[in-house]
Amino acid sequence: MAELLQLEAISLAYDTPQGRQPVVDDFSLVLEHGHIGCLLGASGCGKTTVLRAIAGFEPVRAGRIMLDGTLLSSAGFQLEPEHRRVGMMFQDYALFPHLTVEKNIGFGLRRLDRAERAKRVNDLLHLVGLEGSGRRYPHELSGGQQQRVALARALAPEPDLLLLDEPFSNLDIDTRERLAFEVRDILKATNHTALLVTHNQAEAFAIADRIGVMQKGVIAQWDTPYGLHHAPASSFVTDFIRREALMAQRAQAYLRGEEAG
Ligand SMILES: Nc1ncnc2c1ncn2[C@@H]1O[C@H](COP(=O)(O)OP(=O)(O)OP(=O)(O)O)[C@@H](O)[C@H]1O
């Protein structure tokens, strides 16, 4: 399978009143066409910063970002976000509250004529299971439905790469699990490539083809879910996977009322 996204030894930093604060260092990964990648790691380890750099909102200080053979970023060079063919979906839906569902989805399609746009919006409504809801407003929809609209809107301009930042974290646990699988099915059926950020290991293992475990701005291992479980590259990765799995088991036991405290 061909490589789509390449992060080659990128370093990222924020300029703050206290000086330049390094966040990500010597960070590399390759994501193939049609794959779903997932960055997993503790709060503050730099996951969102990596997504923002790929989308073109943060400069790279060293290394380079390539998408389908095109240079997106290197030290001193940054292609504008609108020229990157990268779509984004966030945890807070970020829908326009005063626009209907179909207008939200069609927002990035103004270059199409009216009939083409209507057809594409209809196809997308169908894809995300919201046919018949095009005239409703975001506040009339559940959180899961709003996230489906956000997915349709992100896919509308046919990006080469979709970036998803904690897309399910504002949803209740049942909706979250269901939607994670639904989104995976939609991305796979339409052969999209996506990179997702999450704190949630179960979610990452459920939907990703490749997972990157991050440790304070570096990538500790970029591998298949199987590889992470069966051949962890360091004691950090072993502990990370074990700790999260244990917490998930405890949470489930607690929900079933099996633990007194
Ligand atoms: N605009 C900014 N200016 C300065 N520092 C920032 C800025 N945004 C993020 N940081 C810092 O960069 C580091 C990485 O942040 P980032 O949001 O990428 O982490 P994350 O892994 O996505 O965290 P979370 O899982 O909590 O969203 C953190 O220490 C954060 O405080």
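**View 1. Domain 1 and domain 2 lie with centres 26 Å apart, taken over C-alpha atoms.** This is a predicted model: local features need pLDDT of at least 70, side-chain atom pairs count only at pLDDT 80 or more, and totals for chains, interfaces and linings use all residues. Residues are numbered from 1 along each chain as its sequence is written. Domain 1 covers 1-81 + 162-169 + 192-234, and domain 2 covers 86-158. Domain bounds come from an automatic or database domain assignment.

View 2. Contact requires C-beta atoms, placed from the backbone, within 7 Å. Helices (H or I, at least four residues) and strands (E, at least two) are DSSP runs, numbered from the N terminus.

**View 3. Five strands form an open antiparallel sheet, ordered β2-β1-β4-β5-β6.** Strands pair if DSSP finds at least two bridges between them. β2 (19-32) and β6 (77-78) stand at the edges with a single partner strand each, so one side of each is left without a neighbour in the sheet.

**View 4. β5 (residues 70-74) pairs with β6 in the antiparallel sense.** Two bridges join these strands. Ser74 has Phe77 of β6 as its bridge partner.

**View 5. α1 lies across β1 (3-16), β2, β4 (62-67) and β5.** α1 runs at about 70 degrees to β2. Axes are lines fitted to C-alpha atoms, for helices over the stretch in contact; angles run from 0 to 180 degrees between N-to-C directions.

Terms used. Contact = placed C-beta atoms within 7 Å.
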